[in-house]
Amino acid sequence: MHAEFPDFRLGNVLATSFTGTLSERHGNAVERIPTPHRLIDWLAVNGLAVDSCTTAQLDLARELRESIHAVATAAAIQDALPASAVQVINDCSAQGRAAAILTPEGKRRWRLSSASCVEDALSVIAADAISIVAGERDGKLALCASPTCRAAFFDTSQSRTRKWCDMNTCGNRQKKARFNANKRKNPISAE
């Protein structure tokens with residue numbers, strides 16, 4: 001991994017984790033896949049290793065990322081899915097060559113062949129997005145409560161009331177801001 005780039009924000013759901021490669025969308029946006037090599041790094045960390053990536057493939061990946069974010073956001077607020085974003089997701093899903101395999105632990109993993117390319121990895125991400133938007137998995141799409149983030153995430157908590165895309169970043173920032181605001185409001189009780 002390259003130290004000069006921001007860390008990846010990894011989640012348990014491939015599609016929404018992929019949308020997290022652009023964070024703080026409504027603040028000072030942080031691009032976590034600014035170069036083709038960084039996309040290769042992200043794919044490898046998520047079990048979708050490919051050997052190379054062109055600038056055009058990076059552009060396609062970002063187009064898929066933004067399409068998934070748009071569709072997930074619409075689904076989370078129960079709005080109509082944007083047709084152009086749906087088309088990008090469907091096209092990416094259909095063009096790849098990947099195989100679902102069953103692990104000895106009974107989990108599904110994706111296998112790319114040794115000749116796989118970025119489009120094959122993107123097809124897996126698109127298929128994952130389709131499965132969560134279509135309601136095939138236990139959970140619900142939601143948006144981060146942070147006003148600068150608003151990331152789409154897949155809430156699998158028992159109550160389905162999770163507020164933050166990531167408790168260690170957005171949730172922690174909000175808790176810290178609330179604590180500091182209360183400390184300023186009540187300076188005597190803070191001593």
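"Buried" here means under 20% relative accessible area, "exposed" means over 50%, and "partly exposed" lies in between (1.4 Å probe, protein chains only). With that in hand, here are some notes on the model.

1. What you are looking at. This is a predicted model, where local features need pLDDT of at least 70, side-chain atom pairs count only at pLDDT 80 or more, and totals for chains, interfaces and linings use all residues. Residues are numbered from 1 along each chain as its sequence is written, and side-chain values use heavy atoms, with hydrogens and water left out.

2. Leu43 lies in helix H2 (residues 36-45); helices (H or I, at least four residues) and strands (E, at least two) are DSSP runs, numbered from the N terminus. Leu43 counts as buried because its relative accessible area is 0%. Leaving aside neighbours within four places in sequence, Leu43 is in contact (heavy atoms within 4.5 Å) with Leu48, Ala49, Val50, Ala121 and Ile125. Ala121 sits 78 residues away from Leu43 along the chain, yet their C-alpha atoms are separated by 7.3 Å.

3. The chain as a whole. The protein chain has 6 helices and 6 strands, and in sequence order they follow the pattern α-β-β-α-α-α-β-β-α-β-β-α. Of its 191 residues, 40% count as buried. Among contacts in the chain with a separation of 6 or more, 55% come from residues 24 or more positions apart.

4. How H4 meets H5. Helix H4 (residues 83-95) and helix H5 (residues 118-133) pack at an angle of about 125 degrees, with their axes 7 Å apart. For reference, axes are lines fitted to C-alpha atoms, for helices over the stretch in contact, and angles run from 0 to 180 degrees between N-to-C directions. Angles under 35 degrees count as roughly parallel, over 145 as roughly antiparallel, 65 to 115 as roughly perpendicular and the rest as oblique. H4 and H5 are therefore oblique to each other. H4 passes H5 in a left-handed crossing, a term used if the near helix is turned anticlockwise from the far one by less than a right angle (right-handed if clockwise).

5. Who makes that contact. From H4 come Ile89, Asn90, Cys92, Ser93 and Gln95, while H5 supplies Glu119, Asp120, Leu122, Ser123, Ala126, Ala127 and Ile130. By type, these residues divide into 6 nonpolar, 4 polar and 2 charged. Here Ala, Val, Leu, Ile, Met, Phe, Trp, Tyr, Cys and Pro count as nonpolar, Asp, Glu, Lys and Arg as charged, and the others, Gly among them, as polar.

6. A closer look at Ser123. Ser123 is found in helix H5 and counts as buried because its relative accessibility is 6%. Not counting residues up to four places away in sequence, Ser123 touches Cys92, Ser93, Gly96, Arg97 and Ala98.

7. Cysteines. A search of the whole structure finds 0 disulfides, a disulfide being a pair of cysteine sulfur atoms within 2.5 Å. Cys144 counts as buried at 0% relative accessibility, and Cys149 counts as buried at 1%.

8. Two backbone spots to check by eye. Most residues other than glycine have a negative phi. Gln78, in the loop between helix H3 (55-76) and H4, has a positive phi near 55 degrees. Gln78 is exposed, with a relative accessible area of 76%. Arg160, in the loop between strand S6 (152-155) and helix H6 (167-185), also has a positive phi, near 60 degrees.
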